[in-house]
Amino acid sequence: MAKEEVFEFLGNVPLLQRLPGLSVRKISELVVLKHYEPGEYVVREGERGVYFICDGEAEVVGSVSTDEESHPEFLLKRYDYFGFGLSNVVHQADVKALTKLSCLVLPHQYSALLQPNSIWNAEKSIDTCSPVEHILHLEPLEVDIFRGITPVDAPKFGKVFGGQLVGQALAAASKSVDCLKVVHSLHAYFLLIGDYNIPIIYRVNRLREGKSFATRKVDAIQKGTIIFTLLASFQKEELGFLHQEVAMPPVPSPDKLLSMEELREQRLTDPRLPRTYRNKVATTEFIPWPIEIRFCEPKTSTNMTKSPPSLRYWFRAKGKLSDDQALHRCVVAYTSDLIFLQVGLNPHRRQGMKARAVSLDHSVWFHRPLRADDWVLYVIFSPTASNARGSITGQMFNQKGELVASVVQEGLMRKIKSSM
């Protein structure tokens, strides 16, 4: 098997899909291909090593149950594995080839690679990785079932942040495809408000498994009820036509702009802002976001001031991310819902106006490889609002002016009626 074939094969083994992409790559360089004839023993009880079946079938000899009905449970086929997860790290049963059999064998001394600190990073723990990587970490429960939480220091906005649902669901989907395929589009529906005090279960359904494309559906579940659903399509990198007719707008470079923390300090003492507004800013608990944002046109107005339905800001993840392209796209998906739907309210703002904005659906298309820990320009515009719904579009550019992603969302926008 060629190196890329080995890497792609291992990326489809359920045990390995929870690993960081770089760990799977390392394992693909360490495994040894072995062949067995029908009736030949693959391993004997007490031997070590982790085996991944490439071709053929094998069976566990001397299983605890010999019932005919349970017999298929002890047949091993392509993508099955054995030799991992045993308390004494040795095989507790014999495995024999039923047909001509090919296995990739990971020597015992490298078995630690199968137990990384997180699904994104083999070296850093979730406590020492970047804040957004911590949010996007999922705990694998079973094959295609993951558990996510809302960390204490994560943005909440009174509920589970919509971008968190998008990012975590995409992370679950990404962990069910081989590492050579990356997401190129996603479409999501927000069904119910999420409770940030309890975990979220992400259940992945494999809708399509092609040579170039794969499709996944992910349901986010709380208290037994689906609160969010996502469809995502993944593609293997491929050469093709190339053009870009849209240009990045002229904006200041991010190093010439203030951070959100600096803007907040500035607004606390800005005499052009109402004193009541400044007092509210000063007394409201400030939780730093895991994404660094720099507005291209910082405003001195409040959220009660009418303005055009547009916004431009640079963003990047705080801290260094691992090199897994899947993680970078999950971070972009997470960020794509930050200060997005609210732009549709800008033309309707006035003194005393209160409104409720809730995301209904959300779509992202990824056009080019990107790094979410490098500056990305987010250009947001709301072309229309009607029937209590607003439509929002977004374009993301890297610093070279390349369009890396496009975003569209529709959300519910309602006036909050006075109780008087």
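Helices here are DSSP runs of H or I with at least four residues, and strands are E runs with at least two. By that criterion the protein chain of this predicted model contains seven helices and 20 strands. The chain has 420 residues, 47% of which count as buried. Its accessible surface amounts to about 21,500 Å², with 52% belonging to carbon and sulfur atoms. Where contacts link residues at least 6 apart in sequence, 73% of them join residues at least 24 apart.

Among the helices, α4 covers residues 162-174. With 13 residues at 1.5 Å a residue, α4 should span 18 Å, and because its end C-alpha atoms are 18 Å apart, the model agrees with that expectation. Helix α4 is also mostly covered: 13 of its 13 residues are buried, where buried means under 20% relative accessible area.

Strand β15 provides the largest share, three residues. In terms of residue class, the lining of the largest cavity comprises six nonpolar, one polar and three charged residues.

Conventions: Residues numbered from 1 in each chain as written. Predicted model: local features only at pLDDT ≥ 70, side-chain atom pairs only at ≥ 80, totals over all residues. Heavy atoms only, no water. Expected span 1.5 Å × (residues − 1). Buried < 20%, exposed > 50% of the residue type's maximum accessible area, 1.4 Å probe, protein only. Contact = heavy atoms within 4.5 Å. Areas by Shrake-Rupley, 256 points an atom, 1.4 Å probe, with all protein chains shown as cover. Nonpolar A, V, L, I, M, F, W, Y, C, P; charged D, E, K, R; others polar.
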